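Good morning, and thank you for coming. I would like to walk you through one protein model, beginning with a single residue and ending with the whole chain.

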Amino acid sequence: MRPVYPLAAVVGQDTFKQALLLAAVNPGVGGLLVRGEKGTAKSTMVRALAALLPEMEVVAGCVNNCSPAPEAPRCPECERRFPNLATATRPVPLVDLPLNATEDRVSGGIDFPRTLREGRVMVSPGLLAAAHRGLLYIDEVNLLDDHIVDLILDAAASGENRIEREGVSYCHPSRFILVGTMNPEEGELRPQLLDRFGLCLEVAGAEDPEARVELMVRREAYDRDPNAFTRQYRDESDRLAHRIVQGRTLLPRVRISKALRGFIGELCRENNVAGHRADLVLEQAARALAALEGKAEVSAEHIGKVAPLVLLHRRRDAQPPPPPVPEPPQPEEQEEQDQEEQAEQQEQQQPEENPESQVAPPPSQPQQQGEQESRPEEQAREDEGQQGQPSPDREEHVFEIGATFKVKPLSATKDRVVRRGSGRRTRSRISQKQGRYVKSTLRDTGDFALDATLRAAASYQRQRAGSNGSALAVQLRPQDIRCKVREKRIGNFLLFVVDASGSMGARGRMAASKGAVMSLLLDAYQKRDKVSMITFRRDAATVNLPPTTSVDMAGRLLSEMPVGGRTPLSAGLAKSFEQVRNYLIKNPTAQPIVLFITDGKCNVSLGDRQPVEESLCLASALSRDQRIRTIVVDTEEAGLVTFGLARRLAGAMDAQYFKIDDLKAEALVNIVRGQQP
């Protein structure tokens, strides 16, 4: 067999090497997460670590790699045969977890053919059984379904894998060195999952030109003659292997003083970590480093060396102190405040004016409202003050994000399309062996339904008994086989189309709109959605963020988004249709949700038609694709004069219509009581 590239021959990556050795000496640190770009020898180093570990003694014939030692945990089969256990030796297993692995493949399940053949329940072991006492490597762990990651981390923390399904309860030991890698540009792990990894480090390619040259020379030498290259680093590899064995032997005797435990607690408190897992992992990592260096006592230096690995992904910014409670105003001050509030309310009720940029003054009589409604695009220009050249102070502004709130549930309609994915927004039929079992089908889904199969065969058992001389208690035929239909919640693709024109900057509209978008982004993060963002202003629409799972990136773009200029609503509609169409070409079963955040006013068209007429025509065309769900969030404030253009836009595209306050979860109470927003 082709020898593995030696760990000692890897150029640089000293922190990564030390983290791997710590995990090998003490699996109790809880696994290692490696974040960084592709092509930085992550997979190579994990395989090299497995090659360094000495062969292990196992129970002969055991698929779970159980140890024959009397004190070691054993699977039910080995427990039944104990102490008459034959032994054998095996290399330390390295299990590479594929991204499309199902729950049955990972944790194991019932072996139905053997169960029917032998007349008793037989369990088919999964990857967690194969990884026992070895390494489990997950490349691109951030792309793995969340429930699979939860299952693996639970097994890594508890040291056992428990199967509870189909009326079967089966438990076997599963203690392994967990190593996961990810590229942060492709999306982050949820904080709950991120915290479960004991150690975390960032890796990058070598910056030194000489190191890069040395890397190429070593790789060419390895490809030319792997055996000779491996022999060249054999002595150094043997020293690393000896350090691991020595560290494992010394680890149970390593002590840590009470004072250093207090130092660990203070260090975690200063870094504002959540919970106490960081304290426990930091102690285990410090003990592993001491054992690796042949020391029987943990020192402050050991804690300082491993602290960055433990705290990198757990460190949080300290929360700012709450503002002081204002003192109650005096009676005279209260009267002045009441007068100021009344004056502000009167000013807000007046129509918006901008004498520097308006050419024609707005109508002064409320009776002219009918004329305004007949020409909404002209009134939109007047309201924005953009019939002439826009004033400099409204051409380019960046507004802060307003207050966020809990968003009411938004989901796509349920259908019978079978999909893949994970998330927590829309319930859908699923093609994987996961989710809730809702019914059975004759169609072969690869997910055998034992209960439905037995029910289908029950009525034929008397006539089949003894027909072919079989002694089986249940006679099955191919026509009896039923498979499961499962449902679960998955994430959606949310496309935010945000109006960034000058009219959105009036009276704090943009701050409130940004607060609504940020609330929806936070909800998308919790539901594990993909998000994209389009903004339209001046004379074009721009894709600020292509489809991604990185909600943090969308939040940063939102906070830096400028506001100003004219309103090309038609361009925003056309660009959103193009973006959704491209996404559906790649993912035909997707359920995109397009959210328009706008007041509906427009004064720039793509062709010769009037802007409002053109935008309504494009909105009607967008509604023809039944796979797309659209939502319009109206940012126009209530007042004496309202145009209602956003409501007309929602009607043209058959979209769900909300005001910003209607998105708040508290509005659900009014909806349940039959009160319209």
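Please keep in mind that the model is predicted.

Where does P91 lie? The residue sits in the loop that joins strand 3, residues 87–90, to strand 4, residues 94–96. Is P91 buried or exposed? Its relative accessibility is 56%, and exposed means over 50%, so P91 counts as exposed.

I turn now to the helices. Two packed helices are described by the angle between their axes and by the distance between those axes.

Consider helix 12, residues 258–270, together with helix 14. These two pack at an angle of about 30°, and their axes are 11 Å apart. Angles under 35 degrees count as roughly parallel, and therefore helix 12 is roughly parallel to helix 14. The crossing of helix 12 past helix 14 is right-handed. On the side of helix 12, the contact is made by L260, F263, I264, L267 and C268; on the side of helix 14, by A300, I303, A307 and L311. Sorted by class, this contact has nine nonpolar residues, no polar ones and no charged ones.

Next, consider helix 13, residues 277–292, against helix 14, residues 300–311. What is the angle between helix 13 and helix 14? They pack at about 135°, with their axes 9 Å apart. Helix 13 and helix 14 are therefore oblique to each other. Helix 13 also passes helix 14 in a right-handed crossing. Helix 13 contributes A278, V281, L282, A285, A286, L289 and A290 to the contact, while helix 14 contributes H302, I303, K305, V306, A307, V310 and L311. By class, the contact of helix 13 with helix 14 has twelve nonpolar residues, one polar and one charged.

Finally, let us step back to the whole protein. It has 26 helices and 23 strands. Of its 677 residues, 47% count as buried. Among contacts with a separation of 6 or more, 78% are between residues 24 or more positions apart. The protein exposes about 34900 Å², and carbon and sulfur atoms supply 50% of that area.

Thank you for your attention.

Key:
Residues numbered from 1 in each chain as written. Predicted model: local features only at pLDDT ≥ 70, side-chain atom pairs only at ≥ 80, totals over all residues. Heavy atoms only, no water. Axes fitted to C-alpha atoms, helices over the stretch in contact; angles between N-to-C directions. Helix = DSSP H or I, 4+ residues; strand = E, 2+ residues; numbered from the N terminus. Parallel < 35°, antiparallel > 145°, perpendicular 65-115°, else oblique. Left-handed = near helix turned anticlockwise from the far one by under 90°. Contact = heavy atoms within 4.5 Å. Nonpolar A, V, L, I, M, F, W, Y, C, P; charged D, E, K, R; others polar. Buried < 20%, exposed > 50% of the residue type's maximum accessible area, 1.4 Å probe, protein only. Areas by Shrake-Rupley, 256 points an atom, 1.4 Å probe, with all protein chains shown as cover.
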